[in-house]
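This report describes the local structure of one protein chain. Please consult the sequence and the model shown here while reading.

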Amino acid sequence: MSASALVLPSTSTPPSYHRIVSPTLHLPTDPQRPIPVGLLACQRDPLLRDLVSTVVSSTVAQTAPTSNASKRIKKNTPSIAQDTLLEVILHDTVLFPEGGGQPNDIGILTSADGNIWDVIDVKRRGGHAVHFVKVKDGNVAAALKIFTPGSLVRAALGEQGFQRRLDHMSMHTCQHLLSAVLETKLNLPTLAWSMTTYPTPSYVEVPRALTPEEISIIQAEANRLVFEGRQVHIEVEELDHSNRAYDTPSVGIPSDYTGGVKRTVIIDGVDRNPCCGTHLPSISNLQLFLIPQMEGLSRSSTSSARLYFLSGPRLITYFSSIHTLLTTTSNVLSCGAPLVPERVEQVIDERKKVSKRVEDLEAELASSIARDILKQAEDDTVVLHQHRTDDASNPLGFLSAISTAFVNEVSSAETGPSSYLIVLTSSPSMQTATSTTIVMTFGNDEKKVKEAGDTIRANVGVKGGGKGTKWSGKFTGVWKDTKEGKAVAGILKDISL
């Protein structure tokens, strides 16, 4: 292995992509001095996949790296055992540390003995890129010996790491393009943006929602610039107090950044914005697709909206997924893809008609059951328990329909019972230890209904409650007429109306 900080391996990135505009700013050539974030190889040539570099320092990681996403995990989330990691700083690297809204790279380090070490995260610490390297078999001493300062290693993205980087570059470059077009066409600044986890769409947050016509205009203008093949390049200058602030929507340079570099991303004739992320050398073939629907946000003092977008690998994955869903749906509906919307409308319409028919039949059946219960009145009183086997999705709703129909029958009957207390129960046809039996108690005396319900809850193990002339609950387990049913009958027998 041999390392060189000044000359990178050849890629398709144009030599003019990375431009140092400060005459006194130079890349450090001392292999024991790390190149600062802002001038890393991954930022000088975003298409570079591997690089031989020198180890500057290596220490055992005291804590596992945390990303912005992991910081949002709830505190009650159980902790997971972490791998033993080394924190390795190299003279130069092709692995990008998290920053500018862009997630970190992952990759591998190949040591001089040919062993491959996984880099699971890269973070910026001050002005340095810190690689979190997974220790093999937990042998920290051996790992520290391999990564002693001055050792040569090959840092590489690997195929998985490059696909991740390609996605990040595509979405990040596309965000710069989208924000610029929103600003110039609609005078809408980008308030914030988020590169969501692959393959979900990313979004920019703007002060208001766009109309469908405005979304079409923005998408057409952005893709016109794409077809023109506008070039992208980076300008780097020394950072001092006079140029630390920006007159753009950018959040600016982090307060803990000590790399001494100010980095600006330029899309020729379109945008000029500070950023530390990796960007494609050209926006050609960077197709932008905007999701037509926007998500509105309301805060205490302001309102805004999120415009979701896709590009690069995410766009391909999105359309592939949509095609698969559409093809599967068309096969289920036995029609061609163009007929799916019409066929779905037909299915929904038929489902509504069937649901209405079921509701009508249930109402008719509930009235019939209510009349049968009414016929069992003895001495102007109805006190009974009736159990049903029902696999309906809403058994409580049907029991409620029976109770309502019974009350209506009583009120319309010329000689209806003066008092009644009825318990209805409903169990599925196949019962297990986790099955649910619905219990409903109703009557014309609130006190008696409460007495019956509370006694059933205490003696049968039903969880529930009620108000007024209705009480309902649930029993979990296997409902048996010889046990639970007999207990309910005994409870009703002991209640005097």
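Is Asn 285 buried or exposed? Asn 285 is exposed, because its relative accessible area of 77% is over the 50% cut-off. The model is a predicted one.

Asn 285 belongs to the loop between strand 12 (271-274) and strand 13 (289-290). Its phi is positive, about 65°, although Asn 285 is not a glycine. Asn 187 also has a positive phi, near 55°, and is a residue other than glycine. The loop between helix 4 and strand 8 contains Asn 187, and this residue is exposed, with a relative accessible area of 57%.

A cis peptide bond is present between Tyr 198 and Pro 199, with omega at about 5°. Pro 199 is located in the loop that lies between strand 8 (192-194) and strand 9 (202-206).

Strand 2 (residues 50-60) has two antiparallel pairings described here. Five bridges connect strand 2 with strand 7 in the antiparallel sense, and in this pairing Ser 53 is opposite Val 153 of strand 7. Strand 2 also runs antiparallel to strand 3, again with five bridges; there, Thr 59 has Glu 87 as its bridge partner.

Strand 4 (residues 107-110) is antiparallel to strand 7 (residues 152-156), to which three bridges join it. Ile 108 has Ala 156 of strand 7 as its bridge partner. Strand 4 and strand 5 form a hairpin with five residues between the strands, in which Gly 114 has a positive phi near 90°.

## Glu 87 in strand 3

Glu 87 lies in strand 3 (residues 85-90). Is this residue, Glu 87, buried or exposed? Glu 87 counts as buried because its relative accessible area is 11%, and the limit for that class is under 20%.

The side chain of Glu 87 forms a polar contact of 2.5 Å with the side chain of Arg 125. When residues up to four places away in sequence are not counted, Glu 87 touches residues including Ser 57, Thr 59, Gln 62, Arg 125, His 131 and Phe 132.

## Nonpolar cores

The largest nonpolar core has 69 residues, of which Phe 147, Leu 177, Leu 178, Leu 182, Leu 210 and Phe 309 touch the most other members. Helix 4 (residues 158-186) supplies the largest share of this core, namely 10 residues. A second, separate core is made up of 19 residues, among them Ala 366, Phe 398, Ile 402 and Leu 424.

With neighbours within four places in sequence left aside, Phe 147 is in contact with Val 55, Ser 58, Leu 86, Val 88, Leu 109, Trp 117, Val 133 and Val 153.

Strand 17 (residues 419-427) is mostly covered, as nine of its nine residues are buried. In a regular strand, side chains alternate between the two faces of the sheet. Ser 419, Leu 421, Val 423, Thr 425 and Ser 427 point one way from strand 17, whereas Tyr 420, Ile 422, Leu 424 and Ser 426 point the other way.

Strand 17 runs parallel to strand 16 (residues 381-389), and nine bridges join the two; Leu 384 has Ile 422 as its bridge partner. Together with helix 8 (residues 395-412), strands 16 and 17 make a right-handed β-α-β unit. Strand 17 also pairs with strand 18 (residues 436-443), in the antiparallel sense and over six bridges. In that pairing, Leu 421 has Gly 443 as its bridge partner.

Ile 438 is a residue of strand 18 and is buried, with a relative accessible area of 8%. Apart from neighbours within four places in sequence, its contacts include Pro 395, Leu 396, Leu 399, Leu 424 and Gly 473. The C-alpha atoms of Ile 438 and Pro 103 are 51 Å apart, and these residues are separated by 335 residues along the chain.

## Annotated coiled-coil region

An unreviewed UniProt entry places the feature "coiled-coil region" at residues 344-371. In the model, residues 344-371 are 100% helix and 0% strand, with 41 Å between the end C-alpha atoms.

Terms used:
Residues are numbered from 1 along each chain as its sequence is written. This is a predicted model: local features need pLDDT of at least 70, side-chain atom pairs count only at pLDDT 80 or more; totals for chains, interfaces and linings use all residues. Side-chain values use heavy atoms; hydrogens and water are left out. Buried means under 20% relative accessible area, exposed over 50%, partly exposed in between (1.4 Å probe, protein chains only). Helices (H or I, at least four residues) and strands (E, at least two) are DSSP runs, numbered from the N terminus. Two strands pair if DSSP finds at least two bridges between them. A crossover is right-handed if, with the strands pointing away from the viewer, the path from the first strand over the helix to the second runs clockwise. UniProt positions are given in the numbering used here, feature names are shortened, and annotations may be inferred rather than shown by experiment. A nonpolar core is a set of buried Ala, Val, Leu, Ile, Met, Phe, Trp, Tyr and Cys residues joined through side-chain atoms within 4.5 Å. Contact means heavy atoms within 4.5 Å. A polar contact is a pair of N or O atoms within 3.5 Å; within protein, one must be able to donate a hydrogen and the other to accept it, and residues adjacent in sequence count only if both atoms are side-chain atoms.
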